[in-house]
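I opened my notebook for this one and wrote down what I looked up, one entry at a time. Come along and check each entry against the view.

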Amino acid sequence: MTTAIYIDYCKAFDVVSHPKLFHKLSAYGIGGNLLALIMHLLTSRSQITRVGKSMSESAQLCSGVVQGSCLGPLLFLLGLYVNDVTSVIADKCKCKLYADDLKLYSEITVADDCCALQDVINRVKIWSDEWQLSMSIGKCATICVGRCASDLTAYKYTIGHNCLPMKDHIVDLGVTVDPTLKYSVHINQLVAKAKSRIGLLFRCFVTRDMKVLRKAFITYIRPLVEYASSIWSPTQAGLIDKL
């Protein structure tokens with residue numbers, strides 16, 4: 001059995017500490033004019049909120065990377081700020097990082113493996129607190145994939161004083177993963193969403209010209225059933241028929 005822990009950071013782009021980011025950039029060997037340029041981009045920034053014709057007072061930004069900019073994703077998404085979280089993860093436990101999502105997973109065969117995984121979670125929590133990244137506890141969860149003894153699947157993993165819920169299925173980058181990896185839940189949801197969008201297509205398009213409808217299908221519906229299909233491609237005849 002493999003147990004996966006899904007960790008989500010809340011408002012990760014907005015809470016990046018500038019001094020700590022600059023420290024990490026220096027540790028990566030970035031300095032001189034390039035570091036000065038990045039520091040100039042991020043410091044002394046302000047924001048104003050507008051609602052209709054009303055404007056708020058200007059507020060100074062003391063943290064965060066500029067979303068929508070070219071450097072924003074580079075400074076966070078590519079791991080310059082979160083990359084070294086891997087240094088606190090034990091060899092047996094693996095991790096995957098994507099933007100502000102972190103996934104820990106490990107093979108569980110005995111009770112000690114559960115304790116080892118919990119220890120990794122504790123270390124990730126300490127690392128996150130040190131670098132001022134707050135975990136969105138409500139979006140964190142765990143799932144067990146494969147068969148194992150009930151006492152191992154019933155182990156309660158925690159982040160701080162919060163117990164992580166054990167999920168029957170969980171959405172992983174748009175793909176619904178279930179404990180059997182048959183992806184039946186994902187396919188059922190996908191088929192329902194595709195049918196709903198087909199109905200919307202016929203209500204929104206007056207024409208019944210096949211060329212127009214085919215283009216609309218290719219644009220709005222086919223991407224639904226093609227997204228990550230190499231991962232969840234079904235082998236059961238019933239699921240294939242649904243698609």
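**Entry 1**

A word on the model before I go on: it is predicted.

Ile 198 sits in helix H6. Its relative accessibility is 31%, so I noted Ile 198 as partly exposed. Patch members need over 30% relative accessible area, and Ile 198 has 31%.

**Entry 2: aromatic rings**

How many aromatic pairs does the rule count? I got one aromatic pair. The partners are Tyr 155 and Tyr 157, with ring centres 4.8 Å apart. Their planes meet at 55°, so I logged the pair as tilted. For the reasoning: planes over 60 degrees apart would count as edge-to-face, and those under 30 as stacked.

Next I checked the cover on each ring's residue. Is Tyr 157 buried or exposed? Tyr 157 has 1% relative accessibility and therefore counts as buried. Tyr 155 has a relative accessible area of 26%, so I wrote it down as partly exposed. The cut-off that matters here is that buried means under 20%.

I moved on to helix H4 (residues 111-130), where Val 120 has its place. Val 120 counts as buried because its relative accessibility is 1%.

Which residues does Val 120 touch, leaving aside its neighbours within four places in sequence? I listed Ile 89, Ala 90, Cys 93 and Leu 104. I took a closer look at one of these, Ala 90. Ala 90 and Val 120 are 30 residues apart along the chain, and their C-alpha atoms are separated by 6.8 Å.

**Entry 3: the whole chain**

I finished with the totals. My tally of elements is ten helices and twelve strands. The chain has 243 residues, and 35% of them are buried; Val 120 and Tyr 157 are among the buried ones.

For contacts with a separation of 6 or more, I found that 64% join residues 24 or more positions apart. The pair of Val 120 and Ala 90, 30 residues apart, was my example of such a separation.

Last, I looked up the surface: the chain exposes about 14700 Å². Carbon and sulfur atoms supply 57% of that area.

Terms used. Residues are numbered from 1 along each chain as its sequence is written. This is a predicted model: local features need pLDDT of at least 70, side-chain atom pairs count only at pLDDT 80 or more; totals for chains, interfaces and linings use all residues. Side-chain values use heavy atoms; hydrogens and water are left out. Helices (H or I, at least four residues) and strands (E, at least two) are DSSP runs, numbered from the N terminus. Buried means under 20% relative accessible area, exposed over 50%, partly exposed in between (1.4 Å probe, protein chains only). Rings of Phe, Tyr and Trp (its six-membered ring) pair if their centres lie within 6.5 Å; planes under 30 degrees apart count as stacked, over 60 as edge-to-face and the rest as tilted. Contact means heavy atoms within 4.5 Å. Accessible areas come from the Shrake-Rupley method with a 1.4 Å probe; for residues, only the protein chains shown count as cover.
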